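Reader: Hi! I have a structure open and would like to chat through a few of its residues. Could you help me out?

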Amino acid sequence: MATTTTHLTFSPVFPSLSPPRHRHSHSLTLQPQRKATTKAFGSDKLGDFGARDPFPAEVESGFGEKVLGNVDTEHKILIPNVSALSLAAQHCSPLSPLHTPMSIDDAHKLLRKVVGWRLLDEEGGLKLQCLWKLRDFKCGVELVNRIYKVTEATCHFPNLHLEQPNLVRAELWTSSIGGLSMNDFIVAAKIDEIKTSDLVPRKRVWA
């Protein structure tokens with residue numbers, strides 16, 4: 001009996017690709033408007049901030065030409081004022097004896113920006129106080145020396161008390177005005193940055 005072999009050939013069929021249809025473009029005409037100026041206001045101590053400068057890659061991309069906006073808008077980059085900087089980065093300023101002492105409400109607001117300090121409301125006016133419990137008397141002397149080195153450039157020195165056997169007490173106020181000023185908080189913030197980890201009592205490790 002004869003065997004018949006049939007060969008079937010398949011040709012792959014690919015869908016025809018047509019170029020994408022272009023969407024209709026619509027032109028938008030912007031009418032000149034009044035100049036708009038944006039300013040930051042506020043009574044807080046954070047200062048005024050503006051937009052950042054574009055990165056080089058952004059400038060090369062020409063992104064500014066692709067953004068629709070009011071061509072008459074006036075843009076300003078506002079530089080942060082001095083009060084926007086951290087307290088430790090600021091400098092003490094000379095004060096007139098006629099300068100009004102800081103109110104207790106303002107003092108409580110600034111107290112959140114310094115670590116370990118508390119307010120004393122005494123008869124002579126408000127003061128700042130901070131206590132350090134150290135390893136021994138020698139460490140207390142070392143801390144007093146470190147505080148002096150930090151505050152020497154400010155010309156606004158705290159009252160320092162080295163109490164036996166291992167306690168250092170610092171008090172800040174502006175005696176010329178009979179109370180607290182911004183200078184006291186600036187110095188307190190600078191003192192906060194002093195390294196004390198090598199002076200405090202060592203933790204006991206139980207086996």
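Reader: Let's start with Glu 122: what is its relative accessible area, and which class does that put it in?

Author: Glu 122 has a relative accessible area of 36%, which makes it partly exposed. Here buried means under 20% relative accessible area, exposed means over 50%, and partly exposed is in between (1.4 Å probe, protein chains only). Bear in mind that this is a predicted model: local features need pLDDT of at least 70, side-chain atom pairs count only at pLDDT 80 or more, and totals for chains, interfaces and linings use all residues. Residues are numbered from 1 along each chain as its sequence is written, and side-chain values use heavy atoms, with hydrogens and water left out.

Reader: Thanks! Which residue forms a salt bridge with Glu 122?

Author: That is Lys 127, and the closest N and O atoms of the pair are 3.3 Å apart. A salt bridge here is a side-chain nitrogen of Lys or Arg within 4 Å of a carboxyl oxygen of Asp or Glu. Lys 127 is buried, at 13% relative accessible area.

Reader: How many salt bridges does the structure hold?

Author: There are five. One of them joins Arg 146 and Asp 198, at 2.9 Å from N to O. This pair links distant parts of the chain, 52 residues apart: Arg 146 sits in helix α3 (residues 137–151), and Asp 198 in the segment after α4 (182–192). Helices (H or I, at least four residues) and strands (E, at least two) are DSSP runs, numbered from the N terminus.

Reader: Are Arg 146 and Asp 198 buried or partly exposed?

Author: Arg 146 is buried, with a relative accessible area of 19%, while Asp 198 is partly exposed at 31%. Both belong to a network of salt bridges that also includes Glu 142.

Reader: What does Arg 169 pair with?

Author: Arg 169 forms a salt bridge with Glu 171, with the closest N and O atoms 3.0 Å apart. Glu 171 is buried, at 9% relative accessibility.

Reader: New topic: where does Gly 116 lie?

Author: Gly 116 is in the loop between α2 (104–111) and β1 (118–122). Its relative accessibility of 55% counts as exposed.

Reader: And which residues does Gly 116 touch?

Author: Leaving aside residues up to four places away in sequence, Gly 116 touches Gln 129 and Cys 130 (contact means heavy atoms within 4.5 Å). The C-alpha atoms of Gly 116 and Trp 132 are separated by 9.0 Å, with the two residues 16 apart along the chain.
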